[in-house]
Amino acid sequence: MSLMQVLMIIIPSTLLWAAPLVFTALGGVFSERSGVVNIGLEGLMWVGAFTSIVFNLTFVHTFGDATPWVSLFVAMIAGAIFSILHAVASITFRADHTVSGVAINLLASGLTLFLVKFIYNKGETDIIQKGFNKIDIPVLKDIPFFGKVFFQNTYWVSYLAIIVAIIAWYIIYKTPFGLRLRSVGEHPMAADTMGINVTKMRYLGVIISGALGGIGGGVYAEAISSNFSHATISGQGFMALAAMIFGKWHPLGAMGAALFFGFAQSISIIGSSLPFLKTIPSVYLLVAPYVLTILALTGFIGRAEAPKADGVHYIKGSR
Amino acid sequence: ACGKATDNTKNNTTGGNKGNTFSVGMVTDVGGIDDKSFNQSAWKGLQEFGKDNNMQKGKGGYDYLQSQSDADYATNLNTLSRQGFSLVYGIGFMMQNDVDKIAKQQPKSHFAIIDAEVKEPNVASVLFKENEGSFLAGIAAGMTTKSNKIGFIGGMESAVIERFEAGFVAGVKAANPNATVDIQYAASFTDAAKGQAIASRMYSSGDDVIFAAAGATGNGLFKEARDRKSKNPDQAIWAIGVDSDQSPEGVVTAGGKQTNVVITSSMKRVDNAVKDLSTKAKNGNFPGGKTTTYGLAEDGVGLAPINPDITNKADIEKAVSDWSGKIKSGSLKVPATRAELKTFSAK
Amino acid sequence: MEYVIEMLNIRKEFGGFVANDNITLQVKKGEIHALLGENGAGKSTLMNVLFGLYQPEQGEIRVKGKSVKISNPNIANELGIGMVHQHFMLVDKFTVTENIILGKEITSGGRINLKKAEKEVREISERYGLAVDPQAKISEISVGMQQRVEILKTLYRGAEILIFDEPSAVLTPQEIIELMQIMKTLIKEGKSIILITHKLKEIMEVADRCTVIRKGKGIGTVNISETNPNELANLMVGREVVFKTEKIAANPKQDVLDVKDLVVKDARGVTVVDGLDLSVRAGEIVGIAGVDGNGQSELIEAITGLRKAESGSIKVNGKELLGFSPRKITESGVGHIPQDRHKHGLVLNYPIAENMVLQTYYKKPFSKSGILNFKEIYSKAKKLITEFDVRTPSEYTLARALSGGNQQKAIIGREVDRNPDLLIAAQPTRGLDVGAIEFIHKRLIEQRDHGKAVLLVSFELDEVMNVSDRIAVIYEGKIVAVVNPRETTEQELGLLMAGSNRKEAGEGTHV
Amino acid sequence: MSKRFRNILTPLIALLLGIIVGTIIMVATGYNAADAFGALWGGAFGSSYYFGEVIRQVTPYILAGLAVAFAFRVGLFNIGVEGQFIVGWLASVWVGLAFHLPKIIHLPLAILASIVAGALWAYIPGLLKARFRVHEVIVTIMMNYIALHFSNYIIQHVITNGKERTPNIPDSASLASPWLQSLTQFSRLHWGIVLAVICCFIMWFLLEKTTRGFELRAVGYNQDAAHYAGMSVNKNIILSMVISGAFAGLAGAMEGLGTFGYIAMKSSFTGVGFNGIAVALLGANSAIGVFFAAILFGALEVGALNMPLQAGVPNELVDIIIALIVFFVASSYIIRWFLERISKKEAK
Ligand SMILES: Nc1ncnc2c1ncn2[C@@H]1O[C@H](COP(=O)(O)OP(=O)(O)OP(=O)(O)O)[C@@H](O)[C@H]1O
Ligand SMILES: Nc1ncnc2c1ncn2[C@@H]1O[C@H](COP(=O)(O)OP(=O)(O)OP(=O)(O)O)[C@@H](O)[C@H]1O
Ligand SMILES: [Mg+2]
Ligand SMILES: [Mg+2]
């Protein structure tokens with residue numbers, strides 16, 4: 001295989017693999033930047049995957065080719081609504097954020113599978129007929145070399161993920177909203193004395209994370225698994241969590257980390273067909289993405305610091 | 001509630017088929033009864049058996065229990081047998097050990113195990129010659145490919161999947177000696193993303209027919225095939241399904257018209273086996289202690305209808321039926337392992 | 001007379017505990033009004049009520065004669081009330097400008113216009129003489145500058161009435177002088193100021209009037225021109241307070257601590273202790289005077305093993321300790337009252353008793369073959385609590401629940417009780433009221449009189465001059481002079497600390 | 001209402017609220033809630049068989065819960081219990097199969113192997129955290145996948161010759177007990193529960209009564225203060241991960257030497273490690289809390305298996321109820337707040 005061929009396989013598959021993780025990890029960034037730890041990302045993906053598939057199956061005749069996009073939007077709304085539970089528990093009821101996140105994960109998987117049984121009277125849904133399809137990006141696809149590698153045989157959602165990451169970066173670092181969001185995650189009391197409504201900002205952070213987590217799940221379901229079952233979301237939320245930390249709670253960092261995971265996965269998949277890697281036991285290729293991540297963390301990335309008030313309740317008047 | 005439940009079990013621990021009502025239950029693994037694979041197929045067989053015999057779903061009729069983890073197999077098997085089901089199936093080789101233990105503990109109850117062997121007088125073992133079905137799939141693949149490059153995606157490496165692999169490769173070689181088979185395992189039965197990535201790699205490197213024997217990981221293959229087809233309707237790329245007829249997963253609108261990327265599926269007729277075995281048990285011919293192997297001849301494996309979009313559909317059907325004849329008659333022995341494949345020559 | 005602020009009969013409870021009991025505070029326009037009271041008297045609470053952080057159970061607030069209800073800081077801001085909090089309310093990771101504009105951002109097209117904001121910050125800072133670097137990160141600037149940022153925050157919001165809650169507790173003498181200057185400038189600009197401080201000298205210097213509260217109750221308001229520090233202190237504590245710590249002359253013996261040519265780098269890798277020599281003898285207190293940031297913290301961290309030194313020698317009782325672990329150093333007879341009691345001094349979630357054995361838990365009688373002996377731990381704690389007058393409901397109470405002064409007393413009790421040959425006290429009285437300060441000074445001197453070596457680091461020149469037997473002036477990581485406190489003046493010390501050499505500074509005798 | 005009474009009442013109310021909301025969901029979706037709960041109860045405590053199965057299920061949950069809780073107490077979030085559990089399981093079976101020894105040596109050796117394996121697996125994230133300040137959450141997540149793939153590989157290519165599962169371990173390495181089984185109508189109850197209870201005690205004793213525990217907790221609360229007090233923060237971080245991993249590894253032995261007696265390749269995670277997080281948090285990271293939370297968890301899960309057959313209710317419903325209980329326990333602040341208001345009114 002020529003290098004070009006290898007890249008043409010690896011890059012689109014990296015982009016696809018990373019897309020759901022990017023969205024979800026960005027969700028994590030919003031939540032944790034506001035000071036609410038969110039290990040419920042996995043659960044939010046469950047909800048997003050479930051709603052997008054159910055909506056897609058139900059309304060495919062109404063919306064035609066727009067179905068996957070409308071479904072994704074619905075998944076976003078569902079994720080946002082579901083995340084309110086986490087917000088209420090961890091902000092208003094002062095639940096330990098991690099406990100509440102664990103509850104979110106349990107509840108999401110239980111509830112969605114229960115609903116699948118309730119709606120379809122079986123354990124998993126049918127395959128959707130209209131999911132996200134492979135595309136060539138118009139114009140860009142004709143750029144020599146890069147066009148072929150980056151903009152052919154890929155998915156709109158992959159690029160959407162990257163664009164959303166950039167927007168998230170802009171929002172978090174360039175707008176008053178972002179400044180306030182970060183201040184609430186770093187020093188809620190300071191924010192409070194500046195007249196910022198800490199509770200409101202934190203609710204928003206969590207709800208945005210729910211929306212993005214919902215999108216992440218929806219993207220996975222509609223671009224990859226094509227149906228919803230107990231196995232659809234299995235650990236992607238935790239990988240997104242890892243990507244968020246890996247990316248140091250920075251939107252672009254999280255995106256980079258998700259792309260890194262995707263890249264490592266793709267390498268390990270193509271590895272078995274590269275001549276010099278053919279002879280080694282396949283297990284080494286299987287674990288390679290995870291080992292690479294640990295090495296990257298140890299070697300180059302090093303210490304990552306969470307927002308100072310991440311996971312800390314803000315109780316007015318306490319010190 | 002406590003007392004009542006205890007009574008229930010006390011009455012029923014003797015189990016077995018003493019009354020004249022025959023009832024049958026099965027325990028699935030985590031996949032559940034619509035895993036598009038052998039659980040689904042088994043449940044289909046049980047339902048048909050129930051319908052044929054005017055049975056009701058539920059206790060005293062036919063029913064299933066789904067396991068949430070490996071640890072639940074034993075509990076579920078026990079529950080069904082304690083609830084008085086005359087025959088209890090364990091679906092999948094993972095339940096071998098539990099069926100074995102429970103059969104020993106409850107010698108009067110009848111059990112059956114799919115895809116594994118348990119040597120107990122009250123257990124019927126059911127095996128399949130997956131290699132025979134996938135041999136035919138290999139024939140179809142070998143006759144469809146234009147690039148002479150074919151892909152095989154395995155789930156996790158196991159004896160069952162190895163039978164699929166060996167049979168498939170043998171079929172390809174038999175139909176098209178110039179074709180090569182590119183084999184890759186995903187190390188998972190549940191990872192659609194990985195399935196898709198592998199399929200993408202295979203199609204990109206020129207494979208035009210891919211067979212996935214990988215459970216839900218295979219979903220990724222169909223997704224990739226549909227995507228490529230809808231993007232580029234002229235491209236001749238194909239997929240082959242496994243266990244049940246997976247043609248619904250290949251439906252795609254390409255270039256404005258609906259088409260299907262699934263050539264055929266290598267079917268494992270667990271439903272037939274379950275029906276067959278249940279009927280035997282009901283009629284008092286429970287093959288306890290015996291292993292029944294269902295192959296092509298017994299309708300235990302087979303090939304789903306060939307996709308009408310294939311231009312040489314008729315040729316393929318003819319070839320398939322010729323080869324099936326040879327297999328059924330016993331004149332051709334399809335390799336079941338890689339070792340056997342090495343010495344195999346299809347003449 | 002026009003009052004800008006009137007707080008009338010304010011009552012504030014915390015779950016049954018009355019923090020403010022019918023307090024009245026009236027502030028005239030254009031005055032600096034001091035608020036004085038012991039630790040825990042209720043000063044911060046009262047100000048938090050005014051700033052809208054707490055809601056009073058009872059009472060009325062009037063701003064410029066109009067009755068108002070301040071239900072959150074936004075309303076306070078709108079009413080022109082700004083507050084500089086006792087514990088700074090700054091986001092470390094943000095820049096100066098970002099901290100100032102937070103909540104009232106300058107935008108263009110939805111985006112924060114940092115350029116414009118920085119310009120505005122620069123303008124205000126020049127107008128009031130509050131020098132800051134608008135682009136610097138908070139974590140990288142000095143405490144003094146952080147405070148200026150806090151003041152700028154209120155000015156940026158157009159505050160007319162400024163509340164300063166213990167602004168000088170964390171400042172160096174130089175910075176305090178600047179702060180006093182700033183306050184005077186602000187008054188000239190037509191602002192009114194409420195000043196909380198434990199330092200009577202500051203009140204005497206800048207305030208016009210002073211309201212005293214004791215245990216949540218208002219004691220009264222006095223005109224500064226008609227009072228003196230003694231009266232204020234007596235009003236506040238309700239008894240006579242002695243200021244000048246009484247002590248007999250020191251009787252120093254052999255060197256206990258002997259630091260030679262020490263080099264230490266700070267967290268960013270800058271050499272901040274640079275070839276420092278220092279010795280402390282048994283039976284004397286050596287005070288280190290210096291402007292914050294001249295290597296004091298790093299010096300202490302190096303001696304106590306909390307930070308690695310680059311080179312040099314640290315001997316205690318003749319034994320080389322450089323590069324040793326904190327445990328080994330503790331065991332070699334070093335006690336340490338750390339500068340930051342919450343960060344280093346205590347495990348806030350441990351009961352007081354367990355904090356009392358933080359370094360000795362593994363030793364007999366507190367444990368035996370790895371098993372803790374709680375009976376011994378708690379009886380020890382009980383003893384120390386009585387002996388050092390730690391006001392706590394019980395020895396089971398979490399350290400978190402104690403007031404700062406009492407936390408400090410607990411730490412001192414623990415360190416003194418270990419009977420170290422060398423006791424290092426870093427800022428031991430920071431933020432404490434005069435009563436508590438008096439107590440702690442007595443304890444330090446008592447140690448000296450028992451023949452221990454005491455090393456005191458403090459930014460309070462008063463404290464250093466009162467308590468020490470010798471004063472070592474630190475400047476840019478070196479000891480630039482050692483003077484006798486009885487033969488020097490604050491002026492001379494100030495100059496030495498600012499880097500001028502002894503000759504220029506004056507005549508103080510060499511010790 | 002006394003404070004202690006309120007402390008006991010709070011989790012009970014959370015439990016009750018979970019059940020109430022679960023009931024509402026069932027009624028809303030047209031299931032018979034009474035039947036469902038009857039089936040749940042029957043499936044957990046309806047016969048000695050089910051009771052035995054509950055205890056069997058509880059055993060690894062206790063240990064996985066202890067593993068998570070222990071690390072939490074030292075300020076570390078060990079999401080890697082799943083991976084440590086898998087390597088512990090593998091190691092116990094491996095040693096069980098590799099040697100022929102008298103039971104008195106063989107069984108302890110196999111148990112020890114699981115403990116060592118789990119501890120080593122957790123040592124890596126502990127070491128990286130201590131030495132390089134690498135966030136333990138990512139490393140443990142990655143280590144889970146590595147454990148999964150390596151154990152599959154070893155099962156298939158090292159212990160067996162291409163098989164999906166190992167043979168059964170000999171009796172000499174087994175925790176299974178014919179006596180316990182006969183007491184419980186052939187449930188898979190095994191001696192592991194004794195070990196789990198001992199481990200609860202060990203965790204409590206170690207943390208609360210020993211100097212080591214004093215250090216570990218101090219590091220968990222305030223690393224700077226611990227450093228100041230002469231404790232080695234890094235050593236304690238590593239140690240806490242190692243002990244946490246040891247518990248997790250032992251949980252693996254419960255499956256390897258007790259419930260299953262073999263190890264099979266896994267297509268995905270077992271979920272025991274992740275449930276351990278919920279158990280630990282539900283149990284407020286204390287040994288006794290973990291014990292009771294594991295019992296609740298195990299009983300609900302085993303009981304739930306009975307629901308589809310007896311009551312026609314999908315057993316996912318139990319996951320919902322468990323999640324709700326976790327929610328309400330987590331939100332007990334609000335319950336407490338209510339209780340306090342009630343008791344205040346009473347006082348008036
Ligand atoms: N959030 C709170 N919850 C409960 N009680 C509080 C709270 N804040 C303050 N208190 C109580 O109110 C009293 C007054 O506290 P406050 O902080 O106002 O004291 P202060 O006069 O500012 O002391 P200092 O001089 O040390 O700053 C405290 O002694 C404490 O008992
Ligand atoms: N959030 C709180 N809840 C309950 N009590 C509190 C709270 N905050 C403070 N207190 C009580 O307030 C009292 C004094 O606390 P405070 O922090 O005002 O003391 P302090 O001497 O001012 O400390 P510092 O010097 O650190 O400012 C303590 O007795 C403590 O019990
Ligand atoms: Mg105070
Ligand atoms: Mg105060």
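**Exercise 1. Is B:Arg338 buried, partly exposed or exposed?**

Solution. The model is predicted: local features need pLDDT of at least 70, side-chain atom pairs count only at pLDDT 80 or more, and totals for chains, interfaces and linings use all residues. Residues are numbered from 1 along each chain as its sequence is written, chains are lettered from A and ligands numbered from 1 in the order in which they are written, and side-chain values use heavy atoms, with hydrogens and water left out.

Step 1. Take the classes: buried is under 20% relative accessible area, exposed is over 50%, and partly exposed is in between (1.4 Å probe, protein chains only).

Step 2. B:Arg338 has a relative accessible area of 32%, so this residue is partly exposed.

Step 3. Look at the partner. B:Arg338 forms a salt bridge with B:Glu165, with N to O at 3.0 Å; a salt bridge is a side-chain nitrogen of Lys or Arg within 4 Å of a carboxyl oxygen of Asp or Glu. B:Arg338 lies in helix 11 (residues 338-342) of chain B and B:Glu165 in helix 6 of chain B, so the pair links distant parts of the chain, 173 residues apart. Helices here are DSSP runs (H or I, at least four residues), as are strands (E, at least two), numbered from the N terminus.

Step 4. B:Glu165 is buried, at 5% relative accessible area.

**Exercise 2. Describe two salt bridges within chain C and the exposure of their residues.**

Solution. Step 1. In the pair C:Asp21 and C:Lys217, the closest N and O atoms are 3.4 Å apart.

Step 1. C:Asp21 is partly exposed at 23%, and C:Lys217 is partly exposed at 45%.

Step 2. In the pair C:Asp469 and C:Arg448, the N to O distance is 2.7 Å. C:Asp469 sits in the loop between helix 16 (461-467) and strand 23 (470-475) of chain C, while C:Arg448 is in helix 15 (residues 434-449), 21 residues apart.

Step 3. C:Asp469 is buried at 9%, and C:Arg448 is buried at 2%.

Step 4. Among the residues of chain B, Lys44, Glu48, Arg269, Asp271 and Lys275 are linked in a network of salt bridges.

**Exercise 3. What makes up the interface of chain A and chain D?**

Solution. Step 1. Count residues: 46 of chain A are in contact (heavy atoms within 4.5 Å) with 43 of chain D. Of the 5 pairs of chains in contact, A and D share the most contacts.

Step 1. Take the area. The two chains bury about 3900 Å² between them, 84% of it on carbon and sulfur atoms; buried area is the accessible area (1.4 Å probe) that two parts lose on being put together, summed over both.

Step 2. List the pairs. The interface of chain A and chain D has 1 salt bridge, between D:Glu316 and A:Lys117 at 3.2 Å, N to O. There are 2 residue pairs in polar contact (both at pLDDT 80 or more). A polar contact is a pair of N or O atoms within 3.5 Å; within protein, one must be able to donate a hydrogen and the other to accept it, and residues adjacent in sequence count only if both atoms are side-chain atoms.

Step 3. Assign the elements. Those of chain A that give two or more residues to the side touching chain D are helix 3 (67-92), helix 4 (97-120), helix 10 (236-246) and helix 12 (282-301). Helix 4 of chain A gives the most, with 14 residues.

Step 4. Sort by class. The side of chain A that touches chain D has 33 nonpolar, 9 polar and 4 charged residues. Ala, Val, Leu, Ile, Met, Phe, Trp, Tyr, Cys and Pro count as nonpolar, Asp, Glu, Lys and Arg as charged, and the others, Gly among them, as polar.
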